[in-house]
Amino acid sequence: MERNVTPLEARAALDTVERGRLRIIEEIDLPAWYWWGLALGWIALGFITDLQHAWLTAGATLLFGAVHASVAPRVIDGRRRSRHLRVSADVAGHHIARLVLGGIIALAVVTIAVSLAVNADGAGHPVTIASCFVAVIIVLGGPQLLATVRRRARAASA
Amino acid sequence: MTAARFDELIHPSTRLSIVALLAAADWVDFAFVRDQLGLSDSALSKQLSTLEQAGYVHIERPVSDHRRRVQARLTPEGRAAFNGHVAALRAIVGSAESELLGGA
């Protein structure tokens, strides 16, 4: 089967394979512009909602959803952070898109809850304030979420 | 389960490093592989040519932003050979560990 390869050589070769996999795992991420775009869109949507024009809010929500639906499929799987490679689905896992979309739904709930709390407190522009709060979570928490995914991929690889 | 099959073509260290990178991705830019492994353009080209001639790697040259890029991807044959090779390496390590445990 194999030429005279010692167990030590085989171990070293397996380490080489592992290093290659780990290098690619480091590329699992979403582009930074996705998180910033989502955060800015969130704030804009919150601001428009505070204007209290139902049609405007509905239109802005539809526009936000449409833009997100057109952009997200290209990046949300976490396999295309850079233009230098595409991480294989086996390495990245199939759950990143579900994680991100689940996070967005959870943040929508958080936005509503914070808006109600701010509104009850009597502050003006409650949805804008809540959206700014959530936007900070998106910008800071999004990359952290993907760092956790990478950590798990590394652990699964070990 | 992948059948263990030691592959002499993949085994040399540089080539194994290249194939390991490609195996974890759908495709990889030439420049990324070169930079990650610290190879010269000519050294990487030579290794990729060998792998391409064996049918293990497919080289594409898409044009984006008016620049010609070089992308490499493992072919299904290349992926199967890599998986078989890794299984063979594991078998060698595994049998050595078994012998060690048996002798203990």
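Two residues are taken to be in contact if their C-beta atoms, placed from the backbone, lie within 7 Å. On that basis, the contact between the two chains takes 24 residues from chain B and 21 residues from chain A. The model is a predicted one, in which local features need pLDDT of at least 70 and side-chain atom pairs count only at pLDDT 80 or more, while totals for chains, interfaces and linings use all residues. Residues are numbered from 1 along each chain as its sequence is written, and chains are lettered from A, with ligands numbered from 1, in the order in which they are written.

Chain A comes first. Its 6 helices and 1 strand follow the pattern α-α-α-β-α-α-α along the sequence; helices (H or I, at least four residues) and strands (E, at least two) are DSSP runs, numbered from the N terminus. The C-alpha trace of chain A spans about 80 × 30 × 20 Å along its principal axes. Its radius of gyration, taken over C-alpha atoms, is 21 Å, whereas a compact globule of 158 residues would come out near 15 Å, going by a rule of 2.2 Å times the number of residues to the power 0.38.

Two loops of chain A hold a non-glycine residue with a positive phi. Gln52(A), at about 60°, sits in the loop between α2 (32-50) and α3 (54-75), and it counts as exposed because it has 9 C-beta neighbours inside 10 Å. His125(A), at about 50°, lies in the loop between α5 (96-120) and α6 (126-157); with 17 such neighbours inside 10 Å, His125(A) counts as partly exposed.

The most come from α4(B), with 7 residues. By class, this side of chain B has 16 nonpolar, 4 polar and 4 charged residues, where Ala, Val, Leu, Ile, Met, Phe, Trp, Tyr, Cys and Pro count as nonpolar, Asp, Glu, Lys and Arg as charged, and the others, Gly among them, as polar.

Between the chains, β1(A) and β1(B) pair over 3 bridges, and Leu85(A) has Val28(B) as a bridge partner. Within chain B, 2 bridges join β1 (residues 25-29) to β5 (residues 71-74), with Asp29(B) partnered by Gln71(B).

Then there are the helices. Helix α1 (residues 7-25) of chain A packs against α1(B) at an angle of about 35°, with the axes 8 Å apart; axes are lines fitted to C-alpha atoms, for helices over the stretch in contact, and angles run from 0 to 180 degrees between N-to-C directions. Residues meeting here include Val17(A) and Ile24(A) from α1(A) and Leu16(B) and Leu21(B) from α1(B). The contact of these two helices has 6 nonpolar, 4 polar and 2 charged residues.

Conventions:
Pairing = 2+ DSSP bridges. Buried ≥ 20, exposed ≤ 12 C-beta atoms within 10 Å, placed from the backbone.
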